[in-house]
Amino acid sequence: MSEQQLIQSDIALSAEEIQQIDAELAHMPQKSGAAIDALKIVQRQRGWISDESLMAIARYLDMSPEALEGVATFYNLIYRQPVGNKVVLFCDSVSCWICGCDGVKQKISEKLGVDYGETTADNQYTLIPVPCLGACDKAPVMMVGDDLHTNLNNEKIDQIFSGQVSTTASTTESTAESTTTSEEEGS
Amino acid sequence: MNNSLIENSTTENPLIEKVLTRNIGPDLKPTDMTAYEANGGYRALHKVMSGMSSEDCLEVIKASNLRGRGGAGFPTGMKWSFVPMGDKCSPGHKYLVCNADEMEPGTFKDRLLMECDPHQLIEGMILAAYTIEADRSYIFIRGEYVVAIERLEQALADCYKKGYLGENILGSGYDLEMHVHTSAGRYICGEETALINALEGKRANPRAKPPFPQVSGLWGRPTIVNNVETLCNISHIIDKGPEWFQSLGLGEDAGTKLYGASGHVKTPGCWELPIGTPVREILEKHAGGMADGRKLKGFLPGGGSTDFLVEEHLDLPMDYGSIGAAGSRMGTGTMIILDNQTCPIGMVLNLIRFFAHESCGFCTPCREGLPWTRQVLEDIEAGHGRKEDLDTLLRQVKYIGAIGNTHCALAPGAMEPLQSALKYFQSDFEAHVEQGCCPYSRPLENQRGEST
């Protein structure tokens, strides 16, 4: 997509987004200082940062899209691809590794049918590894959305994702669709 | 939501004076403004605002011998003394930044302080900012600390309401703004100049030093960056004096320290103890010793970028000097325990993977060197290692680990567990190569024992 096309398909920032970005700008000596805050604000509203969102933020902050892209792709918690309703931040750092997080990760992958960087067929969860979550005395740990889950084992994974219809790695289009349907019915 | 961090603590010893955790009970309930003030909170702020000068405050902190609790152990008073003051400073803002980007693998102390006693941090920050004549301050906190962020925001709002923040604090004529900045995540943000770049909305590449942030930091203005635990000590030192603070330590260092232990110990946890408490006491008394059926093989004293120590070091006091003299660093003071059933090469590989991933990519030895080290370790762990690989690792430690070969301390830090593993666990490396497999190889399952 050319820059011109991107600008045309630009999704304008909402009044709410602009209000929140302006609050950050109030204590910044220059607009680009609010780059990370603006990305987080827009991501909170839209779930992720599309090219169109990136363009809109860049223009609002008087930054080049390239400079903002450099910032957006640097940080772990800015998503430049769509993610599920909840992001699963799975800690694979040293204390969790010692306490068996590899096995827990395998269990999650089996339960959700996804590997790192993938989103479940029903768009509920995206699985991402995260640096040490600072709860090492309760390892292994992970976050699901805003919630921290500790002392993980296979049973806990079953409980946490109990609403999730089990899918296998060889999920086909048709079963993916039926999973979505059953989730929607359940919610 | 389960945030319990100290529920496994052993019975409290009434002889140990709790300072930083005095408001933190076993239920881990957060301390609000009323409860904080009822237990002496903001007494130091009133004391300072009703008559202490910034020079007075600096002298007290210098005399206390407080050293930075973020890992490097730099004397806090000396750090602050580099900030140009009064007429010697060009007109404009000065900044105080709290480094709450706790992300050092195996470290879980600042979360506790912020979730359970946010006002203690804020009071320390106001006093620190006053001492360096800063008019703006930021709490740079990792985005994953959702609960801490919420509680700090609430505590800040309460402070503005009470006149502890904002204009003319308690009628003193001193103005201070404070904001919470939630990071978008990257380990390198914990490096103070990288953190400053992140606060400016940029990629978090570390900056060249000099100029040092104390002179030219955030937006080119004098800036002090201090760790959460460091700042939490300030109000107590101002309130009770430097002699009291010095008397808390068991050895040459002053104060208390949040120590921790994770891995296969009976009761992993985080405990406030006098600084200089022997490693053995932390491990055996507070962490309950090794989990059933496991023996100690080694430990990282203070996070993933510190050198391994082993059984012969158990009677050392956990302080900057003693751990440093033994060839490691006290770092964050939260120990990661390696047991005899866990592969040391696997553990080092996990750490190197982390550091290789978290390299900011700015300088070549780190960006290219760490993935190379990771590859060599992956080969050895998978049983494809060759004898000469061990020489390669030694060379990598020498060149990547040398201070001055890289732009910042990330890569040298990454080499610390590797170089000490090569020293203490050489036979394990050799066994992997000779046997063509990992002798510790275990089925992929949750290894957590039922001891906790």
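**Around A:Lys86**

Modeller: Happy to! Apart from neighbours within four places in sequence, A:Lys86 is in contact with A:Gln124, A:Tyr125, A:Val144 and A:Gly145. Two residues are in contact if their C-beta atoms, placed from the backbone, lie within 7 Å. This is a predicted model, where local features need pLDDT of at least 70 and side-chain atom pairs count only at pLDDT 80 or more, while totals for chains, interfaces and linings use all residues. Residues are numbered from 1 along each chain as its sequence is written, and chains are lettered from A and ligands numbered from 1 in the order in which they are written.

Colleague: Thanks. Where is the place of A:Lys86?

Modeller: A:Lys86 belongs to strand β1 (residues 86-91) of chain A. Helices (H or I, at least four residues) and strands (E, at least two) are DSSP runs, numbered from the N terminus.

Colleague: Why is A:Lys86 classed as partly exposed?

Modeller: Because A:Lys86 has 16 other C-beta atoms within 10 Å. Buried takes 20 or more other C-beta atoms within 10 Å of the residue's own, exposed 12 or fewer, and partly exposed is in between, with C-beta atoms placed from the backbone.

Colleague: And what separates the C-alpha atoms of A:Lys86 and A:Cys101?

Modeller: They are separated by 20 Å, with the two residues 15 apart along the chain.

Colleague: Zooming out, how many helices and strands does chain A have?

Modeller: Nine helices and four strands, in the order α-α-α-α-α-β-α-α-β-β-β-α-α along the sequence. Of the 187 residues in chain A, 47% are buried.

Colleague: How many residues does each chain put into the contact between A and B?

Modeller: Chain A puts in 45 residues and chain B 50. On the chain A side, the elements giving two or more residues are α3 (35-46), α5 (65-72), α6 (94-98), α7 (101-112) and β4 (147-149). By class, that side has 25 nonpolar, 15 polar and five charged residues. Ala, Val, Leu, Ile, Met, Phe, Trp, Tyr, Cys and Pro count as nonpolar, Asp, Glu, Lys and Arg as charged, and the others, Gly among them, as polar.

Colleague: Over to chain B. What are its domains?

Modeller: Domain 1 (33-248), domain 2 (256-339) and domain 3 (344-435), with bounds from an automatic or database domain assignment. The C-alpha centres of domains 2 and 3 of chain B are 23 Å apart. Twelve residues of domain 2 of chain B touch twelve residues of domain 3, and strand β7 (residues 296-300) gives the most to the domain 2 side, with three residues.

Colleague: What is the radius of gyration of chain B, and what would a compact globule have?

Modeller: Chain B has 22 Å, which agrees with the value near 22 Å for a compact globule of 452 residues. That radius is taken over C-alpha atoms, and the globule rule is 2.2 Å times the number of residues to the power 0.38. Along its principal axes the C-alpha trace spans about 75 × 50 × 40 Å.

Colleague: Last one: where does α16(B) bend?

Modeller: At B:Glu416, by about 30°, and B:Pro417, a proline, follows within four residues. The bend is the angle between axes fitted to the seven residues ending there and the seven starting there. As for burial, 13 of the 15 residues of α16(B) are buried.
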